[in-house]
Amino acid sequence: MIPVSFDYQKVKTVDEAIAALSNDNSKILAGGHSLLPAMKLRLSQPSKLVDIAAIASLKGIKEEDGEIVIGAGATHADIAGDKLIKSKLPFFAEGASMIGDVQVRNHGTIGGSLAHADPAADWPALVLAADAAIEVQGSNGKRRIKATDFFTGLFSTSLQDNEIIVAIRIPVPAQGTKTSYQKFSQPASRFAIVGCAVMRFPDGKTNIAFTGVSDNAFRDSNAEAVVSGKVISNDSIAAAAKAAVQSVNILSDHYASEEYRKHLAKVYLKKALQAVA
Ligand SMILES: Cc1cc2nc3c(=O)[nH]c(=O)nc-3n(C[C@H](O)[C@H](O)[C@H](O)COP(=O)(O)OP(=O)(O)OC[C@H]3O[C@@H](n4cnc5c(N)ncnc54)[C@H](O)[C@@H]3O)c2cc1C
(Lines give C-alpha, C1' and ligand atoms only; values in the text may rest on other atoms or scores of the structure.)
Protein backbone atom coordinates (compact mmCIF):
# COMPACT_ATOMS: atom_id res chain seq x y z
CA MET A 1 0.00 0.00 0.00
CA ILE A 2 3.02 2.31 -0.37
CA PRO A 3 3.74 3.79 -3.81
CA VAL A 4 7.20 3.85 -5.38
CA SER A 5 8.96 7.18 -4.83
CA PHE A 6 8.16 9.95 -7.30
CA ASP A 7 8.83 13.62 -8.00
CA TYR A 8 6.03 16.17 -7.64
CA GLN A 9 5.51 19.40 -9.59
CA LYS A 10 2.63 21.82 -9.10
CA VAL A 11 1.86 23.87 -12.23
CA LYS A 12 -0.20 27.04 -12.78
CA THR A 13 -0.91 26.87 -16.55
CA VAL A 14 -1.77 24.25 -19.15
CA ASP A 15 1.39 25.11 -21.15
CA GLU A 16 3.50 24.54 -18.04
CA ALA A 17 1.75 21.18 -17.52
CA ILE A 18 2.38 20.09 -21.12
CA ALA A 19 6.06 21.00 -20.81
CA ALA A 20 6.31 19.15 -17.49
CA LEU A 21 4.78 16.02 -19.06
CA SER A 22 7.59 15.72 -21.60
CA ASN A 23 9.26 13.25 -19.24
CA ASP A 24 7.88 9.92 -20.56
CA ASN A 25 6.90 8.54 -17.21
CA SER A 26 5.16 11.66 -15.83
CA LYS A 27 1.46 11.61 -15.01
CA ILE A 28 -1.12 14.28 -14.43
CA LEU A 29 -2.54 14.48 -10.92
CA ALA A 30 -6.04 16.04 -10.67
CA GLY A 31 -8.27 14.95 -7.76
CA GLY A 32 -6.10 11.90 -7.10
CA HIS A 33 -9.07 9.68 -6.30
CA SER A 34 -8.27 7.14 -9.02
CA LEU A 35 -4.54 7.68 -9.55
CA LEU A 36 -3.40 7.54 -5.91
CA PRO A 37 -5.19 4.23 -5.14
CA ALA A 38 -3.63 2.77 -8.31
CA MET A 39 -0.18 4.03 -7.20
CA LYS A 40 -0.60 2.59 -3.71
CA LEU A 41 -1.32 -0.80 -5.30
CA ARG A 42 1.68 -0.20 -7.62
CA LEU A 43 -0.59 -0.67 -10.64
CA SER A 44 0.69 2.75 -11.70
CA GLN A 45 4.31 3.77 -11.05
CA PRO A 46 4.91 7.27 -12.46
CA SER A 47 8.31 8.85 -11.80
CA LYS A 48 6.73 12.32 -11.59
CA LEU A 49 3.27 13.72 -10.79
CA VAL A 50 2.26 16.98 -12.45
CA ASP A 51 -0.41 18.51 -10.21
CA ILE A 52 -2.95 20.50 -12.29
CA ALA A 53 -5.36 21.33 -9.46
CA ALA A 54 -4.19 24.98 -9.28
CA ILE A 55 -4.71 25.76 -13.01
CA ALA A 56 -7.42 28.43 -12.93
CA SER A 57 -8.36 28.04 -16.63
CA LEU A 58 -9.44 24.42 -16.01
CA LYS A 59 -12.08 25.50 -13.49
CA GLY A 60 -15.53 26.84 -14.11
CA ILE A 61 -18.70 26.08 -16.03
CA LYS A 62 -20.11 28.52 -18.59
CA GLU A 63 -22.28 28.90 -21.69
CA GLU A 64 -20.31 30.06 -24.75
CA ASP A 65 -21.17 30.13 -28.47
CA GLY A 66 -24.08 27.67 -28.19
CA GLU A 67 -22.18 25.26 -25.98
CA ILE A 68 -22.03 24.46 -22.29
CA VAL A 69 -18.34 24.36 -21.42
CA ILE A 70 -17.25 22.46 -18.33
CA GLY A 71 -13.60 22.90 -17.31
CA ALA A 72 -11.81 19.58 -16.94
CA GLY A 73 -10.88 20.56 -13.38
CA ALA A 74 -14.50 21.02 -12.29
CA THR A 75 -15.16 18.64 -9.42
CA HIS A 76 -18.16 16.35 -9.29
CA ALA A 77 -19.52 18.60 -6.50
CA ASP A 78 -19.02 21.77 -8.61
CA ILE A 79 -21.13 20.21 -11.39
CA ALA A 80 -23.79 18.77 -9.06
CA GLY A 81 -24.38 22.23 -7.58
CA ASP A 82 -24.12 24.41 -10.69
CA LYS A 83 -27.21 26.44 -11.69
CA LEU A 84 -26.55 26.32 -15.46
CA ILE A 85 -26.08 22.54 -15.35
CA LYS A 86 -29.19 22.06 -13.22
CA SER A 87 -31.31 24.02 -15.69
CA LYS A 88 -29.85 22.87 -19.04
CA LEU A 89 -28.28 19.45 -18.35
CA PRO A 90 -30.09 18.18 -15.26
CA PHE A 91 -28.86 14.61 -15.69
CA PHE A 92 -25.26 15.84 -15.31
CA ALA A 93 -26.18 17.28 -11.90
CA GLU A 94 -28.04 14.09 -10.93
CA GLY A 95 -25.20 11.84 -12.11
CA ALA A 96 -22.53 13.94 -10.35
CA SER A 97 -24.45 13.84 -7.08
CA MET A 98 -24.54 10.01 -7.25
CA ILE A 99 -20.75 9.65 -7.46
CA GLY A 100 -18.95 8.09 -4.48
CA ASP A 101 -19.20 10.07 -1.26
CA VAL A 102 -18.74 13.72 -0.25
CA GLN A 103 -14.95 13.47 -0.17
CA VAL A 104 -14.78 11.89 -3.64
CA ARG A 105 -17.21 14.47 -5.05
CA ASN A 106 -15.24 17.36 -3.55
CA HIS A 107 -11.88 16.24 -4.98
CA GLY A 108 -12.57 14.08 -8.05
CA THR A 109 -12.81 15.90 -11.38
CA ILE A 110 -14.73 15.26 -14.58
CA GLY A 111 -11.49 15.41 -16.59
CA GLY A 112 -9.80 12.86 -14.33
CA SER A 113 -12.77 10.53 -14.55
CA LEU A 114 -12.91 10.70 -18.38
CA ALA A 115 -9.14 10.20 -18.75
CA HIS A 116 -9.19 7.25 -16.35
CA ALA A 117 -12.08 5.63 -18.31
CA ASP A 118 -13.08 3.20 -15.59
CA PRO A 119 -15.70 0.85 -17.10
CA ALA A 120 -17.97 1.57 -14.10
CA ALA A 121 -17.57 5.38 -14.04
CA ASP A 122 -20.62 7.60 -14.45
CA TRP A 123 -19.28 10.47 -16.62
CA PRO A 124 -18.60 8.38 -19.74
CA ALA A 125 -22.30 7.48 -20.16
CA LEU A 126 -23.36 11.07 -19.50
CA VAL A 127 -20.99 12.69 -22.01
CA LEU A 128 -21.90 10.09 -24.64
CA ALA A 129 -25.65 10.70 -24.24
CA ALA A 130 -25.12 14.48 -24.37
CA ASP A 131 -23.23 14.40 -27.73
CA ALA A 132 -20.27 16.01 -25.94
CA ALA A 133 -16.85 16.75 -27.36
CA ILE A 134 -13.75 16.33 -25.21
CA GLU A 135 -11.38 19.26 -25.79
CA VAL A 136 -7.74 18.33 -25.31
CA GLN A 137 -4.48 20.26 -25.52
CA GLY A 138 -0.99 18.97 -26.27
CA SER A 139 2.27 20.24 -27.71
CA ASN A 140 0.58 20.59 -31.14
CA GLY A 141 -2.26 22.74 -29.81
CA LYS A 142 -5.91 21.97 -29.13
CA ARG A 143 -8.23 19.42 -30.73
CA ARG A 144 -11.71 18.09 -30.07
CA ILE A 145 -12.55 14.42 -29.75
CA LYS A 146 -16.19 13.36 -30.04
CA ALA A 147 -17.26 11.42 -26.95
CA THR A 148 -18.23 8.56 -29.29
CA ASP A 149 -14.58 8.35 -30.44
CA PHE A 150 -13.01 8.89 -27.01
CA PHE A 151 -13.52 5.61 -25.13
CA THR A 152 -11.56 2.85 -26.84
CA GLY A 153 -11.59 0.00 -24.32
CA LEU A 154 -10.99 -0.97 -20.72
CA PHE A 155 -9.33 2.05 -19.03
CA SER A 156 -8.28 3.33 -22.45
CA THR A 157 -9.04 6.41 -24.49
CA SER A 158 -7.92 8.14 -27.67
CA LEU A 159 -5.89 10.69 -25.64
CA GLN A 160 -2.31 10.93 -26.98
CA ASP A 161 0.76 11.02 -24.73
CA ASN A 162 1.21 14.47 -23.17
CA GLU A 163 -2.34 15.57 -24.02
CA ILE A 164 -4.43 17.10 -21.27
CA ILE A 165 -8.23 17.26 -21.24
CA VAL A 166 -9.00 20.95 -20.86
CA ALA A 167 -12.81 21.05 -21.23
CA ILE A 168 -15.96 19.16 -22.03
CA ARG A 169 -18.18 20.92 -24.59
CA ILE A 170 -21.86 20.08 -24.94
CA PRO A 171 -24.22 21.66 -27.49
CA VAL A 172 -26.86 23.60 -25.52
CA PRO A 173 -29.92 21.34 -25.66
CA ALA A 174 -33.04 22.78 -27.34
CA GLN A 175 -35.79 23.95 -24.99
CA GLY A 176 -37.97 20.97 -24.04
CA THR A 177 -35.12 18.42 -24.10
CA LYS A 178 -35.52 15.84 -21.34
CA THR A 179 -32.75 13.89 -19.65
CA SER A 180 -32.40 11.07 -17.16
CA TYR A 181 -29.56 9.12 -15.53
CA GLN A 182 -30.43 5.93 -13.70
CA LYS A 183 -27.91 3.70 -12.00
CA PHE A 184 -27.67 0.54 -10.00
CA SER A 185 -24.75 1.29 -7.69
CA GLN A 186 -22.15 -0.88 -6.08
CA PRO A 187 -23.26 -0.46 -2.45
CA ALA A 188 -19.87 0.53 -0.98
CA SER A 189 -18.16 2.65 -3.68
CA ARG A 190 -21.31 3.69 -5.58
CA PHE A 191 -19.59 2.97 -8.92
CA ALA A 192 -22.14 1.90 -11.53
CA ILE A 193 -22.81 -1.81 -11.83
CA VAL A 194 -25.13 -0.51 -14.55
CA GLY A 195 -25.76 3.13 -15.46
CA CYS A 196 -28.05 4.34 -18.23
CA ALA A 197 -28.13 7.94 -19.52
CA VAL A 198 -30.90 9.13 -21.84
CA MET A 199 -31.30 12.46 -23.63
CA ARG A 200 -34.59 12.96 -25.52
CA PHE A 201 -34.80 15.97 -27.82
CA PRO A 202 -38.07 17.77 -28.70
CA ASP A 203 -38.01 16.25 -32.23
CA GLY A 204 -38.00 12.77 -30.69
CA LYS A 205 -34.31 12.00 -31.33
CA THR A 206 -33.23 9.87 -28.38
CA ASN A 207 -29.64 9.26 -27.27
CA ILE A 208 -29.05 6.24 -25.05
CA ALA A 209 -25.71 5.39 -23.40
CA PHE A 210 -24.66 2.71 -20.93
CA THR A 211 -21.79 2.42 -18.46
CA GLY A 212 -20.83 -0.50 -16.23
CA VAL A 213 -22.10 -3.01 -18.80
CA SER A 214 -19.04 -3.56 -21.00
CA ASP A 215 -15.30 -2.76 -21.20
CA ASN A 216 -16.13 0.85 -21.99
CA ALA A 217 -19.22 3.02 -22.00
CA PHE A 218 -21.12 3.03 -25.29
CA ARG A 219 -24.10 4.45 -27.19
CA ASP A 220 -26.74 1.81 -27.87
CA SER A 221 -27.80 2.47 -31.46
CA ASN A 222 -30.19 -0.51 -31.57
CA ALA A 223 -32.24 0.77 -28.63
CA GLU A 224 -32.02 4.36 -29.94
CA ALA A 225 -33.50 3.29 -33.30
CA VAL A 226 -36.55 1.78 -31.58
CA VAL A 227 -37.60 4.93 -29.72
CA SER A 228 -36.15 7.80 -31.76
CA GLY A 229 -38.89 9.87 -33.38
CA LYS A 230 -41.63 7.71 -31.84
CA VAL A 231 -43.97 8.22 -28.92
CA ILE A 232 -42.56 6.79 -25.72
CA SER A 233 -45.15 4.29 -24.52
CA ASN A 234 -45.12 1.05 -22.56
CA ASP A 235 -44.85 -0.81 -25.87
CA SER A 236 -41.95 1.23 -27.28
CA ILE A 237 -40.13 1.10 -23.92
CA ALA A 238 -40.47 -2.71 -23.88
CA ALA A 239 -39.27 -2.89 -27.49
CA ALA A 240 -36.24 -0.66 -26.74
CA ALA A 241 -35.35 -2.80 -23.72
CA LYS A 242 -35.57 -5.93 -25.88
CA ALA A 243 -33.24 -4.37 -28.48
CA ALA A 244 -30.74 -3.04 -25.93
CA VAL A 245 -27.24 -4.43 -25.15
CA GLN A 246 -27.43 -6.98 -27.96
CA SER A 247 -24.09 -6.70 -29.71
CA VAL A 248 -21.75 -5.97 -26.80
CA ASN A 249 -19.43 -8.07 -24.69
CA ILE A 250 -21.13 -7.93 -21.28
CA LEU A 251 -18.95 -7.89 -18.16
CA SER A 252 -19.27 -10.54 -15.48
CA ASP A 253 -17.70 -10.22 -12.02
CA HIS A 254 -18.40 -10.97 -8.37
CA TYR A 255 -20.92 -8.10 -8.23
CA ALA A 256 -23.05 -9.18 -11.19
CA SER A 257 -22.99 -12.09 -13.62
CA GLU A 258 -23.31 -11.46 -17.37
CA GLU A 259 -26.96 -12.53 -17.31
CA TYR A 260 -27.84 -10.35 -14.30
CA ARG A 261 -26.00 -7.31 -15.73
CA LYS A 262 -27.87 -7.69 -19.03
CA HIS A 263 -31.16 -7.85 -17.12
CA LEU A 264 -30.20 -4.77 -15.06
CA ALA A 265 -29.29 -2.83 -18.22
CA LYS A 266 -32.77 -3.39 -19.62
CA VAL A 267 -34.45 -2.50 -16.31
CA TYR A 268 -32.44 0.73 -15.96
CA LEU A 269 -33.08 1.67 -19.59
CA LYS A 270 -36.81 1.29 -18.92
CA LYS A 271 -36.54 3.55 -15.85
CA ALA A 272 -34.64 6.19 -17.83
CA LEU A 273 -37.10 6.12 -20.74
CA GLN A 274 -40.08 6.37 -18.36
CA ALA A 275 -38.43 9.45 -16.84
CA VAL A 276 -38.19 11.26 -20.21
CA ALA A 277 -41.61 10.17 -21.54
C1 LIG B 1 -14.18 5.55 -2.73
C2 LIG B 1 -14.36 5.99 -4.15
C3 LIG B 1 -15.62 5.94 -4.73
C4 LIG B 1 -15.81 6.35 -6.05
N5 LIG B 1 -17.07 6.26 -6.60
C6 LIG B 1 -17.26 6.62 -7.88
C7 LIG B 1 -18.57 6.56 -8.48
O8 LIG B 1 -19.57 6.22 -7.86
N9 LIG B 1 -18.68 6.92 -9.79
C10 LIG B 1 -17.60 7.35 -10.53
O11 LIG B 1 -17.77 7.66 -11.71
N12 LIG B 1 -16.37 7.45 -9.98
C13 LIG B 1 -16.18 7.10 -8.68
N14 LIG B 1 -14.92 7.22 -8.13
C15 LIG B 1 -13.80 7.73 -8.95
C16 LIG B 1 -13.72 9.25 -8.79
O17 LIG B 1 -14.81 9.84 -9.47
C18 LIG B 1 -12.39 9.81 -9.33
O19 LIG B 1 -12.25 11.05 -8.73
C20 LIG B 1 -12.28 10.00 -10.81
O21 LIG B 1 -12.49 8.79 -11.50
C22 LIG B 1 -10.89 10.47 -11.20
O23 LIG B 1 -10.83 11.85 -11.11
P24 LIG B 1 -9.63 12.56 -10.37
O25 LIG B 1 -9.77 14.00 -10.61
O26 LIG B 1 -9.58 12.08 -8.97
O27 LIG B 1 -8.38 12.02 -11.24
P28 LIG B 1 -6.95 11.47 -10.78
O29 LIG B 1 -7.10 10.31 -9.87
O30 LIG B 1 -6.07 12.59 -10.33
O31 LIG B 1 -6.41 10.97 -12.21
C32 LIG B 1 -6.99 9.84 -12.84
C33 LIG B 1 -6.27 9.61 -14.19
O34 LIG B 1 -6.61 10.63 -15.11
C35 LIG B 1 -5.45 11.37 -15.52
N36 LIG B 1 -5.91 12.76 -15.59
C37 LIG B 1 -6.47 13.50 -14.59
N38 LIG B 1 -6.89 14.69 -15.06
C39 LIG B 1 -6.57 14.72 -16.38
C40 LIG B 1 -6.76 15.68 -17.41
N41 LIG B 1 -7.36 16.86 -17.21
N42 LIG B 1 -6.33 15.36 -18.67
C43 LIG B 1 -5.73 14.15 -18.92
N44 LIG B 1 -5.54 13.22 -17.99
C45 LIG B 1 -5.96 13.49 -16.73
C46 LIG B 1 -4.38 11.08 -14.46
O47 LIG B 1 -3.07 11.18 -14.98
C48 LIG B 1 -4.74 9.64 -14.09
O49 LIG B 1 -4.21 8.75 -15.03
C50 LIG B 1 -14.71 6.83 -6.81
C51 LIG B 1 -13.42 6.90 -6.24
C52 LIG B 1 -13.25 6.49 -4.92
C53 LIG B 1 -11.88 6.59 -4.31
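How many nonpolar, polar and charged residues does the lining of the second largest pocket have by class? Point 4 returns to this.

1. Basis of the note. This is a predicted model, in which local features need pLDDT of at least 70 and side-chain atom pairs count only at pLDDT 80 or more, whereas totals for chains, interfaces and linings use all residues. Residues are numbered from 1 along each chain as its sequence is written, and side-chain values use heavy atoms, with hydrogens and water left out.

2. Strand 6. Six of the six residues of strand 6 (residues 133-138) are buried, where buried means under 20% relative accessible area with a 1.4 Å probe and protein chains only, and strands are DSSP runs of E with at least two residues, numbered from the N terminus. Ala133, Glu135 and Gln137 point one way, while Ile134, Val136 and Gly138 point the other way. Strand 6 pairs in the antiparallel sense with strand 7 (residues 141-146) over six bridges, and with strand 10 (residues 164-171), again antiparallel, over five bridges; pairing requires that DSSP finds at least two bridges between two strands. Valine 136 stands opposite arginine 143 in strand 7 and has isoleucine 165 as its bridge partner in strand 10. Two residues separate strand 6 from strand 7 in the hairpin that they form.

3. Second largest pocket. A pocket here is an open set of points on a 1 Å grid over the protein atoms alone, with protein on both sides within 12 Å along at least five of seven lines, and lining residues have an atom within 4 Å of a point. The second largest pocket holds about 260 Å³ of space, and among its 15 lining residues Asp118, Ala120, Phe191, Asp253 and Tyr255 lie nearest its centre. By class, its lining has eight nonpolar, four polar and three charged residues, where Ala, Val, Leu, Ile, Met, Phe, Trp, Tyr, Cys and Pro count as nonpolar, Asp, Glu, Lys and Arg as charged, and the others, Gly among them, as polar. Domain 2 and domain 3 both give residues to this lining, so the pocket lies between them.

Conventions. Buried < 20%, exposed > 50% of the residue type's maximum accessible area, 1.4 Å probe, protein only. Helix = DSSP H or I, 4+ residues; strand = E, 2+ residues; numbered from the N terminus. 1 Å grid on protein atoms, 1.4 Å probe; cavity = no way out; pocket = protein on both sides within 12 Å on 5 of 7 lines; lining within 4 Å. Points joined across faces, edges and corners; volume = space filled by probe spheres on them. Domains from an automatic or database assignment.
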